[in-house]
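Subject: Handover of a structure and the findings on it

Dear colleague,

Please find below the structure that I am handing over to you. My findings follow it, arranged so that you can look up each part as you read.

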Amino acid sequence: MRVVFLTSRMPFPPEGGDRFRVFHFLRTASEAGHEVHLVTFDKSVPTRSAIAPLERLLASIRIVPLPKLLSTLRSAKALPTGQPLQAAYYRSRRMREQVGEALRRVRPDVVYTHLFRMAPYAMERMEEHRARWILDFTDVISAGIARSLPFRHGPDLWLYREEMRRIERFEAATAPRFDECWVISEAERANLAGLAPDAQIRIVPMGLGPEPFHPNGPRDAARLLFLGFHEVFHNRDAVRFLVRDVFPRVRAAVPEATLDIVGRGATSLGAWARGEGVRIVGYAPRLEDVLMTATVFVAPHRFAAGLQTKVIQALASGIPVVSTPPVRLGLEPVPDDVVRIAMEPEALAAQIVQLIRNPADAAALGQRGRAWARSTFTWDVALDALESNGRHPEPTQRPLPFVPAGV
């Protein structure tokens, strides 16, 4: 098949949930013999050497620069219009031109559009091309924002409540226009079905990367690990909760316990993320280096969206995982004996302490988690979904495309 990917972020390097997902989707499609083309935004046009591993997978790539200042101004202008600010941020005449050119040149069998913010570029061209049009919501963004509202305050609360309403309307109007809408979990399927009952929804979960995560020695005695991209609100809130409310209780029971905070953006965390026994590590180029020796992986998110990629990577490495019900929701259906779950800081700390003090229990939990993750999260599901209807049926009357004003 000829497949065109439309994405709002360069899917390389494959770090963070959205880049990771798109990169492995297109990698899997390319390695299966499909002809893959990419049209994407990036902050600037990278050098060919910087994206060489990605470029080798592609028949063509078109990159549209996305200047931050100009995009921010576009969002500000959208405030009185009712349009989602995210959609306005990614509005670009050059992207419209590149999408149109790519579709005319490639004549795709499938157009894969990643996230609602890229949907206008696809919907504008639907009447011109016989193709299978897929919109990968991944998470239902309005639902994710709704879960974050109890933890926001002041102008931030007002802005995100307003944006949630705008995105909710946009998602409800957009989803039925596509042949298929993909989401990452059953919970997200239910969220989208509630907004758009006429949409054709398919669950396409995450897979695991090719990292082998081979054991490279014994685990440390009492080292906690938090891993994530620290410029997103749910991770910053989780770090604050961990450092302020959970970790002191662990240290009270196990004074030698330490906590490593790993991931891009960690150095930007405030003074609240620092304390006795806490180490800000920052970006780790090799996940194996941090996952294979830590004692317990902690994901104490008080709210979350979809499936947390870092959690399935931790499970696949064999490290015991302690997390919360919002994170577990993205893993469902998950057996009860592969992740320790609690919500209150006292209960989370007690789970962590129990695993530190009982290495045999921790090792057994890690082994069960590793076996479950490696058997559950594969990219074969994504390939099956992509190939399930490779040729579009005979033309039918498609609803007129919904294109927000100004796009």
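S317 belongs to helix α12, which covers residues 309-317. Please keep in mind that the model is a predicted one. With a relative accessibility of 3%, S317 is classed as buried, because that value lies under the 20% limit. The side chain of S317 also comes to 3.5 Å from the backbone nitrogen of I319.

How many of the nine residues of α12 are buried? Nine of the nine are, so the helix is largely enclosed by the rest of the structure. The buried residues are T309, K310, V311, I312, Q313, A314, L315, A316 and S317. After α12 comes G318, which has a positive phi near 90 degrees.

Next, the sheet. Six strands form an open sheet in the order β10-β9-β8-β11-β12-β13, and their pairing is parallel. Strands β10 (278-282) and β13 (340-341) are at the edges; each has a single partner strand, so one side of each has no neighbour in the sheet. Helix α12 packs on this sheet, where it touches β8 (223-227), β11 (296-299) and β12, and its direction makes about 165 degrees with that of β11.

Strand β12 (residues 321-323) runs parallel to β13 and is joined to it by two bridges. S323 is placed opposite I341 of β13. Five bridges connect β8 with β9, and these strands are parallel as well. Here, L227 has V262 in β9 as its bridge partner. Four of the five residues of β9 (residues 258-262) are buried, so this strand is largely enclosed by the rest of the structure.

Is V281 buried or partly exposed? Its relative accessibility is 32%, so V281 counts as partly exposed. Apart from neighbours within four places in sequence, V281 is in contact with D260, I261 and V262. V281 and T267 are 14 residues apart along the chain, and their C-alpha atoms are separated by 7.8 Å.

I turn now to two further helices. Helix α14 (residues 345-357) packs against helix α15 (residues 359-376) at an angle of about 105 degrees, and their axes are 5 Å apart. Because of this angle, α14 is roughly perpendicular to α15. On the α14 side, the contact is made by Q354, L355, I356 and R357, and on the α15 side by P359, D361, A362 and L365.

Helix α15 also holds R374. At 30% relative accessibility, R374 counts as partly exposed. What does the side chain of R374 reach at 3.3 Å? It is the backbone oxygen of A316, and A316 is one of the buried residues of α12. R374 and G207 lie 167 residues apart in sequence, while the distance in space is 8.7 Å from C-alpha to C-alpha.

In soluble globular proteins, nonpolar side chains tend to be buried together. The largest nonpolar core in this model has 57 residues, and F5, L54, F297 and L331 are the ones that touch the most other members. Helix α1 (residues 17-31) gives the most to this core, namely six residues. Not counting residues up to four places away in sequence, L54 touches M10, P11, F12, F23, L26, L38 and I61. There is also a second, separate core of 40 residues, which includes V99, W133, L135 and F170.

Finally, I would draw your attention to T40, which is located in strand β2 (residues 35-42). T40 is buried, with a relative accessible area of 0%. A polar atom of the T40 side chain lies 3.2 Å from the backbone oxygen of R9. A polar atom of the T40 side chain also lies 3.4 Å from the backbone nitrogen of M10. Leaving aside neighbours within four places in sequence, the residues in contact with T40 are T7, S8, R9, M10, P11, R62, I63, V64 and M95. M10 and P11 are also among the residues that L54 touches.

Yours sincerely,
A colleague

Terms used:
Residues numbered from 1 in each chain as written. Predicted model: local features only at pLDDT ≥ 70, side-chain atom pairs only at ≥ 80, totals over all residues. Heavy atoms only, no water. Buried < 20%, exposed > 50% of the residue type's maximum accessible area, 1.4 Å probe, protein only. Polar contact = N/O pair within 3.5 Å; in protein donor to acceptor, adjacent residues only side chain to side chain. Core = buried A, V, L, I, M, F, W, Y, C linked by side-chain atoms within 4.5 Å. Contact = heavy atoms within 4.5 Å. Pairing = 2+ DSSP bridges. Axes fitted to C-alpha atoms, helices over the stretch in contact; angles between N-to-C directions. Parallel < 35°, antiparallel > 145°, perpendicular 65-115°, else oblique.
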